[in-house]
Structure formats: structure tokens, C-alpha cells
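Subject: Structure for your review

Dear colleague,

Please find below the structure that I am handing over to you. My findings follow it.

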Amino acid sequence: MVAVTIWGSLRRFTDGQGQVEVEASNFKELLDRLSQDYPGLKPQIERGVSLALDGRIYREAWFTEIGPQSEVVLMPYMAGG
Amino acid sequence: MKSIHVSTTVNGDAIEFICAPEDSLLDVLRNRMGLTGAKEGCGTGDCGACSVTLNGRLVCACLVLGAEAEGAAIGTIEGLADGDTLHPLQQSFIDHAALQCGICTPGILVAAKALLDRNPDPTDTEVRYWLAGNLCRCTGYDKIIHAVQDAAHKMRSA
Amino acid sequence: MALDNTPKRVFKVVGTRPPRPDGVDKVTGRALYGADVSAPGMLTAHILRSPHPHAAIVSIDTSAAEALEGVKAVVTAADFVRQDDGSLRDVLDNCMARDKVLYDGHALAAVAATTPDIAKAALKLIKVTYKALPHVTDVDAAMRADAPVVQEGRSLETVPDGMSQNVTSHCEFGHGDLAAGFAKADLVVERSFTTAATHQGYIEPHACLASMTADGKADLWCCTQGQYNVRTLCAAMLGMEASQLRVTASEIGGGFGGKTTVFIEPVALALSRKTGRPVKIVMSRDEVFKATGPTVSSSIDVKIGMTRDGRITAAEAHLRYSGGAFPCGTVDMGAQSAFASYDLSAVRTLGWNVLTNRPKEAAYRAPGAPQAIYAVESVVDELCQKLGLDPLDVRLMNAARKGTRSSYGPTFDDIGLIATLEAAKAHPHYVAPLATGQGRGLSAGFWFNFGGNTCVSLNVNTDGTVGITEGNPDIGGSRAAISQMAAEELGIPYDKIRTIIADTSSLGHNDVTDGSRVTFAVGLATIKAAQDAVAKMCSRAARIWGIDEEAVVWVDGAAMPAGPNAGKFPPMTLAEIAAVSFNTGGPIAGHFEFNADGAGVSFGVHLVDVEVDRETGATKVLRYTVFQDAGKAVHPSYVEGQMQGGAVQGIGWALNEEYIYGADGRLQNAGFLDYRVPVASDLPPIETVILEIPNPGHPYGVRGVGETPIVPPLAALSNAVSRAIGTRLNSLPMSPPRILKALSKG
């Protein structure tokens, strides 16, 4: 099980929880499980999210491995200029 | 209105062209002569990217009519180097990283040369005020001033 | 052979200042930018733009225009493929309005003709029937329940019920107990701020040349930060496949984020398709201001609590951003970056995006961060002033560091904020005396930086020179930095390497040059491609020597036998191996493709001294110093250039630049005369101090640096001006009329 931090404005789709637990070993599994367990998150996930794993930001990498002790923070998909 | 036939000199070469009366010198340089070194950044004389010299005087080519080139001597960026030898200003800009995207560089080099032709030993303030009509959005002007001063120094010692 | 993957810390080429490869072309006027090319049989196109800030298009009759001698085609929205994807549809509708025009200058038709004058004359013959609608250009006014609705049905599921349809998204970040935090504070300051929209102000207007042939293939030349993104967008809008459209990036005359999308390119392609001839479009400066992508305008509330010895106990910000007439996600980044410099136990940011009848926002360096951090750093400074505390000491006391839970969620790894703050504190600028009427201000600043999809191909020529093909337009000197990193990794001189930028047919996909990603991601890919080539060259040497491949190492640009064969053969240089490559297996190349992650964040601190003329309200910048963490400065001159250029853009933003809309909803200052960017005589030298706290995610420690420098200047200048005149200003720009007004209020 992996603990995922959910940002404030999405918490209404996770029953107010700031952190949820999902069964996942990589980024794609995590997103698929989050969409499944919390369908209210699905639109945002489909629009795009980034994942901060132990402080490093990943934008799209499905097979990024996630360990049970990893710090996982969901973030909006980022763009620069 | 009828097209106008113009005979002029550009960077020392005799050139003839035909233009519409309302064509600017910038239009003519870029579209009739293929000299695309002078750039159009605004078309209204505010940015200096089209800086050229007309009979030795620094002007914005977008504010000069093509017809005004008749009998005049035009100097553009393409005439700054001497064959394959760069002008000290050009070399200095490369050495001091005084350009990033480079779009303002032709105008600034023409303007800087016009300054040093008149005042070979300007203060930093004089350089900054002379170049106030040449906008640069990338560099913050710092390295440009260094480059102009270094070139001026080398030219005085030559 | 075993590859050495430990981070490199001693360098021969990286960290030096060689000349850039495009330097001679640019100082002689030979370099070709967007508008510098023509093609045989070329037509010129001009675009018809709405004079109304908001109107329904009742009808468009192009027949008279089409009948004009010399006109070869006219296009409208009907000539493009309707898009299912929302964000693609928005880009397309922005390029050519469909049922409504949404801002002054919005494109709705285009004409291609044999001369520019005929194209312009034809525009006047297009008959458009508009039904003017009420408009709104102010972000707070647009949020009200009774505001004119810019677009219906665009609100995301994150927006609570009952709000104006102009509110398209909502976000919230943070952690901790705010109420408890504020209760612990000895002083709480609550302030509201507004910032006007600004423009990137690149000196080169958008320009392109499109050439489509009867077999449906097209070539597109344009000034862009991302030729692959242009391909993706244009192919979708014209119903083409990627392989049919070859996009070549010209040299670019500035972008700063504003040339990361398309405006005129799909239009030129559609006209070329219809006419069967090349079509050139060059925007005028007026069009650039009205119809490309300025920044958001913003309205921000900040509340911060501090103890009397300077510890921040709670911090909150509410950000209302408008990215113009189309939904925009920039407020998410503003909300995440607002408090990024601080180690806080209680922090919350709320963000809203609001539609207004203004052009569609595009990025400008660090999108969303300058506005938010301006507001936050202004309040921190006010707290310092009121509590009599040193502003640098307060930043140091509260600074984010390795192990800090950031205000946007993740825990920071190695970061350079404290090093930059300490460098500022130790610098002579910080303690230089100030005369009466002068003020000093400072601000910290931050940007995330990105990695992204990257391909690099490295080819070894038989004469020992190397060609590198990469896919990112060079906007700051990156070709030099890439050649340097390859030279470092290969162990050969810098001048043996030539780096070029590929068109979309010549190399795999590369993400846009943005997000401060090129030196980091393309550099990383270059290093890996070089290692790939090195492995192959070692393998060739091993075969020539008849020894095991595992027993060959690469040292100082040559293969050397190692292990049991050490010393048996003299080293073979890259040139020697290359010279016989045709005999040993064929041409030698290395390549690398990936989606880079692990970009390191970049922190900066800016110090500025100003003097305000109390009669005219004019601010003179006396002294400016930029401190920034670059991780590892590959080419220090180009890192300095980013720091100086970004700082000066920020100075313009803080002191003069703004989009001015009249009550009629039209842009009043669409030119460089009245949109006043800094000129050489406005400025002092911009001093730079580069810190190097290596990024663990890059073999050489490189961090992106291009965007961060625009973030600190806004508050640094506001704090300096506020201290100089003895009154706090809370609106940008601090133009002379606004300063005089603040002075008269006392």
C-alpha cells in the first residue's frame, strides 16, 4: 500500500482526506487505482497530473516505481515558459 | 501611383531598384535587395531593430522612404565586416556574450558603430543613452555595454 | 565496458566560456529568422481581426474579397478541422474565431494575395455582421454573479456551484492548522494586491512561411520555441498526419514562453492548401500585443502571521487570475509557488481562474509565480519593517531547505535557497550606504523547472569531428552548452563539435524549449548519447586490438586497454577510431531518447536600490544584484545572461509595463511607445552571483535557470520603492502616476 497526498481542492472527492492509501507499485497503477477508488478524481487525472516521488517531480512516466515507503504527492500537470 | 526607380549605394555597392512610393527603406532592403539583416520589430520607429545609416546618419529604416535612398549612401549590418574580418564591435559582441537571440544585434551594432564614429571614447552613460533607441529584451543590456566599451578600447589602441 | 555513472565534479570544458556557434551569423545579419525567408510563387496573407471585445459573429461574407484581382484564397473557421479535445479546440478557436469573437483583435478570417497591399485591401471587403455583447476585462468584475459571461459551460468540476460561469477552475494547496498558526503570531498583516497583464515583449513578431503541395505534404518555417508542438497542433487543426508536416524552426528573436503555441501557423497552412502556393504571414507589432499571449492579470489577497523574533507561524493566499477568454491553468502554478521559499507548518493557498474578454494567455518565463511571489514577498517585507527585523535574516530563519515539506506538497531534496540568501547577506551591496530618498528591497524567488521528452543523436565523422543533432530551438545559448557537455564527456576539444537543431522530420519528438529544461534535459541526453558513442568506440578498439571489450576504458578522448591488457597497446583517440570506422563496422553514432525527470528547482534572491523622484514619480534603479543557484553553470556567460535578462524584464514589469484597457474593452497601448519596456539608459549594470548546489538528478549537477530570474524583481522593486517613499504600494506597475498618487495620499 502506498500513501498518496491529495491537494486541497481535490479532497472533496476523497471524503475530505488529505492522504489516501492505494495498492500500486508504479505511477500508472497508482492513477488507475485512484480513479477507481475515488471516481471524483477521474476528470482531473484525465486532464493530467504530475507525481512528486520523494521530492522529484514526474510528469508522465507510467512505469516509475513506487515503493511502500515512498513519499508520493499528487500535483497538477505543470507547464513552463 | 507609379513605381519609382531608385539608384543608390548600399555598403559601397551601386544598386538600382524599383519600389512603390509608400515603400519604406526597410521594405526595400529586405524585400527588393534581399538584405534581411535589418529587422522589423515594430514598423513605427520605437525599437531600433531596423537601424541603418543614411549618408552616415543613424536612422530607423522603417521611418525612411525607399525613394529617399536616391543618390544616398546606405550602411547596413551586412557592410560592417571587412570581407571575412569581423569589425571589432562584432568580435567583441561574440567574446562578451552580448547577444542571446540576436534579433536586436544588427541594429545595435550599426548604432554602436555610429556612436564610436563620432565619439571614440564614450562614458557608459553616453553609450546607454545613445543606445536607448535600440530595444533588447534578452540581455538586460549589461553585456552589450561591456562589449561596446571593450571594442572602443581596442579601436582606440589600434 | 563499465560506464562511470558517478556525478562529475571536476570539469575541463563545462564551466568555461567558449564562443557560441551561431555568433558570427548573428553579428553579421546572416542568421535567418522567421520573416527572413521567401519562396518562389509566394503569396502574402493578412488577417481580419475583431474590433469588438465581445460579439457574436452573425455572418461573414467573403465573396467580394475573393473576387478582388490578386486574391487567391480566403479562410475562416470553416476551413479547419473541429477538435474534440478541449485544449486543442481552444487553441484553434483562438487562431480563428468560430461563433463569437472574444477580445479586441481576435482573428476571424484571413486572405492570401499576390501582394501585401492587395491582401490588406481584401480585408476591407470582407463583410462581417457582428452582434456586440457586453464585455468584461477586469478579473474581479468577471467573477461577480452578474458579470457578462465570456464562454458558457467551461467550469471544471472543482468549481463550487453558484459561481459565475466565468470561473473555470479552482485549486487549493497547503497543510497544517492555520487558525492555530495565526493565533501564535505577534503580528498578522493582511493585504490585497493587483497586477496588470504584461507581454513577453520579444522584439521579433511572429512570422511563418507555409508550403503545402497537392499530395497533402507541407513544409512550415516559423519562429517557435517548439517545432514539434507546432507540428502536433497544426496537424490536428488541418487533419494531417505528423509525418506529412515538416516544421523547421528558424532562429528565434525572443520567445520567453510566448512562442510555445501557434497563432498564425495553421492559418498559413490552410491558405497554402487552398491556393497550392507558399503563403507567408508576418504579424505587425500591433497584432502581437493584441492577439498573441500576454500574462494573466491578477488580484491577490495575502495574510501572514509572524512572531516578534521573525518566525512565520501561518500563511495564506487567495489568488484570482485571468488568462483571458479561454480557460487557463496558470493559477495552479501560482498557488503552488507562492510560499515555496518557506518552511511552514501552516500554509494554504487558494486559486481561481476567471475568463475575461482579453487575449488567450501564454507563458512568460515562470508562469503564475511572479504575481503570487510579488504579493507574498511584499507582505513578508512589511512584517519585517513593522517588527524592526532584518529582511534577509527573516528569510534565512524561515527558509525552505533539504527536508522541508514544501507548501505545495513534496519534501525538498538539496536546494540552494539558504546558500543564495547567505551570499546576498555577505555581499557588499547589502550593506552599502543609502542616501535620503533611496530605498533597498529584496525578494526571494523560485521556479520548478522541467525535464520532458528529448532525443539527441551524436554522429562521429571520420575526421574526428562530431555532429550533434538535437531538437530544441536555441533561445539562450544552449547549442554552446550542449557542445560543451559533449566535449566534456567525449574528452575532445569544444571546437571539434558542431550542434545543430533538427526539423521535425530529422529527429524524434522533443518537447518545447520551455520550463528551463534544455540545458538540463537535452544536456543529460547529450551526455548519455556521448556515453553510447564511447561504448561503441571502445568496442571497435577492442576488436582492433583483439581483446575483450570489458577491458577497454575511455580516458581523455581515447580508448585505452585496461585490466590484464593495460599498457599492451597505445591509446586510440576518437579521431583514430573514426578514421577506420568504415572498416570496423560502419559509421559510429550514439543516441538517446527519454522523458526526463529529476529537474532541480532553482531559487534566486534579488537585491535592488532605487531612488524615487518625488516630483515626477519616476523611479531610478541605482544598483541591482542577482543571486541564483544554477546547480552547475555549464557556460557561465549564458547563465549570467539569463539572470540579467530575466531581472530586467522583471524591472519593466514592476515599474512600467501594463496592458491598458479602456471602458470600451479595447487595448489602448498596443505598441512599444506606450507599452514601455526598459531601455539601456533606464538601467545600471546588473551584477550576478552564481551559486552551485549540484542537482542530484543530473550527472553534472545542472539546474534550469532561465525562468526564476523574472520572479524576484517584482517584490524587490516594490519593497525598495515602498521603503524609499515611506508608503507601501500594492499594485503593479508602480508607474509614475501611481507613485505620485501614493505620495499625495501621504
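Among contacts in chain C between residues at least 6 apart in sequence, what percentage join residues at least 24 apart? The share is 80%. Please note that this is a predicted model. Its scores are ipTM 0.98 and pTM 0.96, and chain C has an average pLDDT of 96, with 99% of the residues at 70 or above.

Overall form of chain C

Chain C contains 21 helices and 27 strands. Its C-alpha trace extends over about 85 × 75 × 50 Å along the principal axes. Of the 746 residues in chain C, 61% count as buried.

Helix α13 of chain C

Helix α13 covers residues 417–426, and its residues C:L417, C:T420, C:L421 and C:A424 are buried. Viewed down the axis of α13(C), these buried residues fall within an arc of 100°, and they therefore line one face of the helix. Their packing partners in chain C include both helices and strands: the helices are α12 (391–398) and α14 (428–431), and the strands are β16 (438–447), β24 (602–612), β25 (619–629) and β26 (686–691).

Contact between chains C and B

At the interface of these two chains, 42 residues of chain C are in contact with 40 residues of chain B. On the chain C side, the elements that give two or more residues are α1 (23–28) and α19 (636–655). Helix α19(C) provides the largest share, 8 residues. Sorted by class, this side of chain C has 21 nonpolar, 16 polar and 5 charged residues.

Domains of chain B

Chain B is divided into domain 1, residues 4–79, and domain 2, residues 88–157. The C-alpha centres of these two domains of chain B are 22 Å apart. Between them, 14 residues of domain 1 are in contact with 11 residues of domain 2. Strand β3 (residues 51–54) of chain B gives the largest share of the domain 1 side, 3 residues. The residues on that side of domain 1 comprise 7 nonpolar, 6 polar and 1 charged.

Kind regards

Technical notes. Residues numbered from 1 in each chain as written. Chains lettered and ligands numbered in written order. Predicted model: local features only at pLDDT ≥ 70, side-chain atom pairs only at ≥ 80, totals over all residues. Contact = placed C-beta atoms within 7 Å. Helix = DSSP H or I, 4+ residues; strand = E, 2+ residues; numbered from the N terminus. Nonpolar A, V, L, I, M, F, W, Y, C, P; charged D, E, K, R; others polar. Buried ≥ 20, exposed ≤ 12 C-beta atoms within 10 Å, placed from the backbone. Arc of directions from axis to C-beta. Domains from an automatic or database assignment. pLDDT = per-residue confidence, 0-100.
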